[in-house]
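Visitor: Could you walk me through this one?
Guide: Gladly; here it is.

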Amino acid sequence: MNEEYSALYNAILEGDVAGAQAGVQAALGAGQEPGTILAEGMIAAMKEVGRLFEEGEFFVPEMLISARAMQAGLTILKPHLLSSDVKSAGKVAIGTVKGDLHDIGKNLVALMLEGAGFEIIDLGVDAAPDKFVEAVANGGADIVAFSALLTTTMPNMKVTIDAIQHAGLRDKVKIIIGGAPVTQEYANQIGADGFASDASRAVSLAQSLL
Amino acid sequence: MALNHEAPDRCPMQISFTPEFASLLLKDLKMGADKLHNPHGGGNTYELERALGEDLLLTSVGWANSYYQGAENYVDEWGIGWRSAEYTTPYGNGYYTEINQHPLADDRAIDSYQPPDPTRPELYHEAEWVLKNFKDEYWIVGVTVTTIFECAWGLRGYERMLTDFALNPDLAQRLLDIPYRYHLTAAKKLTQMGVDMIWIGDDVGAQNAMIISPKMWRKFLKPLVANFIAELKAINPQVKVAYHSDGAIYPIIPDLIEVGLDVLNPIQPASMDPVRLKQDFGDKLCFWGSLDEQHTLPFGSAADVQAEVQTRLQTLGKNGGLILGPTHHVQLDTPMQNFWAMTNAITQTPYPKPKSYDRGKPAGIPAREGNMK
């Protein structure tokens, strides 16, 4: 990791919002390229957060505060990214399926994807199939991601995939799923492109599909 | 328990239901009911549980009773707002109740917050009635689940509570204290009244790992759980304590044993291996639950269900120490034939006498290690 971004990087790892904001300001002030600040100071930090989570050292609170620090920095950096034409890693429309209101997992996946440079369309909870269809048809989503916590809402995963198929959009988008009762086997059964068991692995999966 | 001076002829059983499944079951059994069924036990008539041959009767005091209060939006007595979320299954529709309003989302609301009063006599009328009518024949469980963390995040907001742990530990502690005090008062009262077991707990496990780190759990929750158990056992040294957490909580099981836990619940098998749990902790803990509701009960065949019952009896229940049943309330997506396959397998499988069984022990005083009698 580049020494110039270590303050920003560490602020994100520690969940230090003020430190992340200061880190971005300092880097911009020193004339660093926005794209490099993003890549070296922020995406690299969130990659480390993901690794720590997969290793069982970071848990949900640590991920949340790191992601918030990253987001705080990103808010300052965004206008500079747009004006310097930095491309996102891809666009992901994410939500929990119709009937399911449990969003901590979905929120973590959204945060981690954003931390990896993806652009997020957050469809929220209890998202009807047509919201996902809309995100592909008009929203430019490259990936559609949805989750369910409950066995009773899981069936809406297939309903959502069918809706995308029915709209003639299935080959225009990659579909990834997750959630406590969901398995790789289930993903295969319903025709999803991938399954991830946690937010960090969701990032690797999204990257591998695009 | 239902066992009066005799060795258990089969494994003790406990099953709870969502209100919709309870309705379906009552119809199947040709029994009527005019009250909304409470999955946690408070206010139930227990006809259903007794008709099935369950061995434990649950009576609940505290925030857990705020679940499943109705199909319309409501605000409970803690100020927490609820809405219903409908779901459909091949066997009918139902609704869950989900929180949509947190009274302590704003830091400034905490100082002036008044929780409900846990000493109101009417809170304990059901427990009184259950004990009076069923104490001799059933294992009576006083339920004060959602004991600390869950009620606290209900008040505060889930993500906010989790970030409070990391960024504002003093505030987090104050929030945890609110439901802790309430439920401890209630559990002490239930213990004084004579329940056989108190059931506490909070969901701190996700599917594959803990939600908060073991370190964080030990810092914020372990001292409270330790004191909770100590105060109950000071009132009645024979009272048993069961702890509920969904998901994978393996790292804190030794801690729970250390602070005096007797029974671990619900043993979500897709998250923690029952065989490994028995191997590692079977001499120090009893287990309650273990029949899978993420895969087997809703999606397996009746034969799969029966096989899982037998497997648990032979492993998790070897030499006793098991209260068998589904890990969570039975939902409408469990086919009725799977439900009956489960209950019949449990009630009809003879239970080999545990090695350590002593015929001379009077009923109602179970050994701490292994055997629940």
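Visitor: How many residues of chain B are in contact with chain A?
Guide: This is a predicted model, where local features need pLDDT of at least 70, side-chain atom pairs count only at pLDDT 80 or more, and totals for chains, interfaces and linings use all residues. Residues are numbered from 1 along each chain as its sequence is written, while chains are lettered from A and ligands numbered from 1 in the order in which they are written. Two residues are in contact if their C-beta atoms, placed from the backbone, lie within 7 Å. Chain A brings 18 residues to this interface, and the number from chain B is 24.

Visitor: Which element gives the largest share of the side of chain A that touches chain B?
Guide: Helices here are DSSP runs (H or I, at least four residues), numbered from the N terminus. The largest share of that side of chain A is 5 residues, and they come from H4(A).

Visitor: What separates the centres of domain 1 and domain 2 of chain A?
Guide: Chain A is divided into domain 1 (3-83) and domain 2 (91-209), with bounds from an automatic or database domain assignment. Across the boundary, 11 residues of domain 1 of chain A are in contact with 11 residues of domain 2 of chain A. Taken over C-alpha atoms, their centres are separated by 25 Å.

Visitor: Which helix supplies the largest share of the side of domain 1 of chain A that touches domain 2 of chain A?
Guide: Helix H3 (34-54) and helix H4 (60-83) of chain A each supply at least two residues of that side. The largest share, 7 residues, comes from H3(A).
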